[in-house]
Amino acid sequence: MEEKLVERLESAVKRLEAISVGFRPPESGGDVAVAVDPSIVAFDDLVGEYIGRVSAAAEKIGGQVLDVTKVVAEAFDAQKQLLVNVKQTQKPDTAGLAEFLKPLNDVIVKANKMTEGRRSDFFNHLKTAADSLTALAWIAFTGKDCGMSMPIAHVEESWQMAEFYNNKVLVEYRNKDPNHVEWAKALKELYVPGLRDYVKSHYPLGPVWSATGKITVSAPAKAPTSKGPAPPPPPPASLFSSESPQSSSSRPKVGMAAVFQEINTGKPATAGLRKVTDDMKTKNRADRTGIVGAAEKETGTSSRSFSKAGPPKLELQVRKWVVENQIGRKNLMIDDCDAKQSVYVFGCKDSVLQIKGKVNNITVDKCTKMGIVFTDVVAACEIVNCNGVEVQCQGSAPTISVDNTSGCQLYLSKESLEASITTAKSSEINVLVPGAGPDDDWGEHALPQQFVHVYKDGQFETTPVSHSGG
């Protein structure tokens, strides 16, 4: 207790010293008032308590985990500066808001770039940190019609997306390295309850802009490099649209809208095309003839069959949500559903879908490396013909069935521990259950995939194969 009081006193002294050094009576009276504002002081306390704990764990790990943790700290520093600027700035329009939030957006983009390219051994750490920074976009809330959830709900929803990868860190390192476990737990507490409670106490309805402060003006468009009118600037939604969950009410642009969006980027029409040299032309190649071989026929057939998979879908058809052919989409979301509707996920790969609310039934069919996070299901959650899927139940599910699937991780909540799990023609099925306490590690249980059948007393008795580990 005394140590915490001493730390807070030292923090207050440092702020007063900084104010006294830069104090100029004629001009910086507003800066002094902002520096000692209760919301700014509380944010400093939030950073000091939670960021310090995450950074301490990252220092022990080092490498990419330490690098991405520094970016997280940088993002919180950027948010503090925005909170200071909010109190001195009038509420901007949409273009002005994008310019105002640019410093924070740049840090979030930096974190996302760390997850790109070839996956490292610490991909789950990087993905957790990068996805969690979406929670800082609560400051962009301008009203109920702005297209995003209320600030408190936005923080919680953003962390739920990041927690999918955070749980992987906890499971992977629970018996290997306590420093990684401490890092994952500390990062979660930074947002829940840390940032959530801070927003709840000081900005439950969003930032409070100044009525008489300065006005934020959007950055001027760059001059065209060639003759002709300059293309219109891209929409200023990179902070909340590029990384925030894709709601079922906000569809990606398709058809001619997507064509015009590509045109508006200002890129030349031939950008990205390769030049065909003379030696690449068919008439000049000695290894090509007019006869089509069997191997080429098979290749052509396979390419056409792949094209028949169809365009990606995320739409409601009568009472069934259809999610099809989504590839590499980590931010899919269905947030407008009820208990009379079902969800059918088909042909998706390397994507994550979050289902918020109670639905009647969930079916995951022919998906690879797919993550499903749902709240409640009335009937059952079915996983069929899949490979490498992870399913997390945050509420209740009476029945979960896994059929003809290889590699399936099931995360159960305390409310779904009584679920009936049925498996058939499946392998590598692991079920993870929460610990007894809030800080306890998850328990992992492998469901048997090998059985022994013994004929006794006129019938076969079937028992799972037990491994001694010797």
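A nonpolar core is a set of buried Ala, Val, Leu, Ile, Met, Phe, Trp, Tyr and Cys residues joined through side-chain atoms within 4.5 Å. The model described here is predicted.

The largest nonpolar core holds 59 residues. Phe-76, Trp-183, Tyr-191 and Leu-195 have the most contacts inside it.

Helix α4 gives the most, with 13 residues. A second core is separate and has 34 residues. Leu-314, Trp-321, Cys-393 and Val-433 are among them.

Leaving aside residues up to four places away in sequence, Trp-183 touches Val-54, Ala-57, Ala-58, Ile-61, Val-65, Val-68, Thr-69, His-125 and Asn-166.

Ser-39 is found in helix α3. Its relative accessible area is 4%, so Ser-39 is buried; the cut-off for buried is under 20%. With residues up to four places away in sequence again left out, Ser-39 touches Lys-87, Tyr-198, His-202 and Tyr-203.

**A hairpin**

Strands β13 (residues 451-456) and β14 (residues 459-464) pair in the antiparallel sense. Six bridges join them. His-453 stands opposite Thr-462 in β14. The hairpin of β13 and β14 has two residues between the strands. There, Asp-457 takes a positive phi near 50°.

Methods
Residues numbered from 1 in each chain as written. Predicted model: local features only at pLDDT ≥ 70, side-chain atom pairs only at ≥ 80, totals over all residues. Heavy atoms only, no water. Buried < 20%, exposed > 50% of the residue type's maximum accessible area, 1.4 Å probe, protein only. Helix = DSSP H or I, 4+ residues; strand = E, 2+ residues; numbered from the N terminus. Contact = heavy atoms within 4.5 Å. Pairing = 2+ DSSP bridges.
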